[in-house]
Amino acid sequence: MNLQGKVAVVTGGGRGIGRAIVEHLAGDGATVVFGDINADNVRDLGTLLHDSGLAVEGVVGDVAKKGEMESVIDSVVASHGHLDILVNCAGINRDTMLHKMTDEQWDDVLAVDLTGAFYATRKALQVMRQQPTGGSIVGISSLSWRGSLGQANYASAKAGLVGLMLTTAREGGRFQVRANAICPGFIETDMTRALSQEMWDAVVARIPLGHAGEPADVAGLVAFLGSDTAKYITGQVIEVGGGLVW
Amino acid sequence: MSADPGTSISSSAGIAMVTGAGSGIGRAVALRLAKEKWDLAIIDINEDGLQETEKLIEEVSGTGSSGTYVVDVTDARRFEAVVADIVTNGSEIRVLVSNAGVLSVTPVLELPIEQWRRTVDVNLTGSFICTRAVAREMVRAGTPGRIVTVASVHSVAPGTNVTDYDASKGGLLMLTRSLARELAPYGITVNAVGPGFIVTNLAGGASEEYVDYIVPRIPLGHAGKPSDVAGAVSFLVGPDADYVTGTLLIVDGGMLLTADL
């Protein structure tokens, strides 16, 4: 994809899928500012990509903290003049069966995975609707939005993220602001590597393409949605799961 | 399956077939793939349209397509002969865009059985014929491949006075998903694109009343272009879509969110 001239913000860009997204967007020519809560990840990735000559900057921050995303996006617009792509990728999980799930496990996941996306999306929309070229907002949801054992909090947040993206598409359309949700299937990251081998094998056995996905697989779809090639695509929920029916 | 062939392909590796390439979306897809250096084999029932597309491909690529074939996609024997012809000289088919389709507007209570049969035959059975023939060849050649069907927003939402079209496109979506499941072990991905209100010969024939009704109800505020759909096809047959299969990628400017079709 050609993303020359585009400015992108990626939350949760320090590792896993978020990191692959940062690398891919930057490789396609975008100026990328990514945020992550982990200072080591921010420093390591920022240095690595900067040394490769890519226009990437890392910011340590917490999407769930009031005012934080607003101030990151304000500073991106002040430095670069515009914001063309927002990718809501920051996400955590705290898996427990629902009847044993604590209030804290619920609150923590909703705060990062959904409310954090709300803060970032609201701010991005405020900026993008003033731009004649609008913009593209992507929410990294999950196939688990359809329900997932031990993930009542995660599934709810990911379902909520779909509602947020589709509403943004409805409201932003007239300003040429597009919004879409991506549902990765079973992707090999720290999050999924935490599963037992038995559970891992059980999931992979159900994937038609026969293997877990890589973060780069999700990143390719993000780059497409952020590009002008996808300028008529909005309000969609797109799966990248090797054919896995959840 | 002994070895996993993976799903990666590249345009230097073989032929991309496009049906219904004589106009509209099919033509736009052929031109886009030609720009991306695919060798094209283009098919249509309409010879004039096909020759016009061929001329445009020559302008884009400098060399023209690998073959133009005047074929009715409901003719299984003829289509299979075309596939055999393409691979005879050692070419491999890596991509099929199954796009040929018909649309006419008739209230269901007046819809003649002959029209129903023709719509389903072209839009659904035609895609079965083409995808089966090409899939057989891809499996025989033992190399990864990409199949894209051109479905519609009508695969998931009903229109007005287009019952046969709606049913055929709904069926085409499930054909796509079923193929994706069966062909995955061979490294073949199968996806559908779902165009919304695109100005082509078909939707370009829409009444002024329909245009005045639908366009204000599209979030992005305008009709789409065949090139918008071609861009989505390009993504699905490209290197960034190795792990995407069994999906419906809708290109509709948000129309499904806000409009009754």
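Colleague: Which strands does helix H1 (residues 16-27) of chain A lie across?

Modeller: H1(A) lies across strand S1 (7-11), S2, S3, strand S4 (85-88), strand S5 (135-140) and strand S6 (177-184) of chain A, and runs at about 165 degrees to S2(A). Helices (H or I, at least four residues) and strands (E, at least two) are DSSP runs, numbered from the N terminus. Axes are lines fitted to C-alpha atoms, for helices over the stretch in contact, with angles from 0 to 180 degrees between N-to-C directions. Contact between two residues means that their C-beta atoms, placed from the backbone, lie within 7 Å.

Colleague: And what does helix H3 (residues 68-80) of chain A touch?

Modeller: H3(A) packs on the sheet against S1, S2 and S3 of chain A, and its direction makes about 160 degrees with that of S1(A). Keep in mind that this is a predicted model: local features need pLDDT of at least 70, side-chain atom pairs count only at pLDDT 80 or more, and totals for chains, interfaces and linings use all residues. Residues are numbered from 1 along each chain as its sequence is written, while chains are lettered from A and ligands numbered from 1 in the order in which they are written.

Colleague: Thanks! What order do the strands of the chain A sheet take?

Modeller: The order is S3-S2-S1-S4-S5-S6-S7, seven strands in an open sheet with parallel pairing. Two strands pair if DSSP finds at least two bridges between them.

Colleague: Which strands of chain A stand at the edges?

Modeller: Those are strand S3 (56-60) and strand S7 (237-240) of chain A; each has a single partner strand, so one side of each is left without a neighbour in the sheet. Neighbouring strands are turned by 20 degrees against each other on average, direction ignored.

Colleague: How many bridges does S3(A) share with strand S2 (residues 31-36) of chain A?

Modeller: Five, in the parallel sense. In that pairing, A:Val32 has A:Val56 of S3(A) as its bridge partner.

Colleague: Moving inward, is S5(A) enclosed or open?

Modeller: Six of the six residues of S5(A) are buried, so this strand is largely enclosed by the rest of the structure. Buried means 20 or more other C-beta atoms within 10 Å of the residue's own, exposed means 12 or fewer, and partly exposed lies in between, with C-beta atoms placed from the backbone.

Colleague: Which residues of S5(A) sit on each side?

Modeller: A:Gly135, A:Ile137 and A:Gly139 are on one side, with A:Ser136, A:Val138 and A:Ile140 on the other, and both faces are covered. In a regular strand, side chains alternate between the two faces of the sheet.

Colleague: What stands opposite A:Val138 on the S6(A) side?

Modeller: A:Asn180 does, and six bridges join S5(A) to S6(A) in parallel. Towards S4(A) there are four bridges, also parallel, with A:Val87 opposite A:Val138.

Colleague: Which helix makes a β-α-β unit with S4(A) and S5(A)?

Modeller: Helix H4 (residues 103-128) of chain A, in a right-handed unit. S5(A), helix H5 (residues 152-172) of chain A and S6(A) also make a right-handed one. Right-handed means that, with the strands pointing away from the viewer, the path from the first strand over the helix to the second runs clockwise.

Colleague: Where is B:Lys37 placed?

Modeller: B:Lys37 is in the loop between helix H1 (24-35) and strand S2 (39-44) of chain B. Phi there is positive too, near 75 degrees, and B:Lys37 counts as exposed, with 10 C-beta neighbours inside 10 Å.

Colleague: How many residues of chain B are in contact with chain A?

Modeller: 30 residues of chain B are in contact with 28 of chain A. The largest share of the chain B side, four residues, comes from H7(B).

Colleague: Last one: what ipTM does the model score?

Modeller: ipTM is 0.95 and pTM 0.96.
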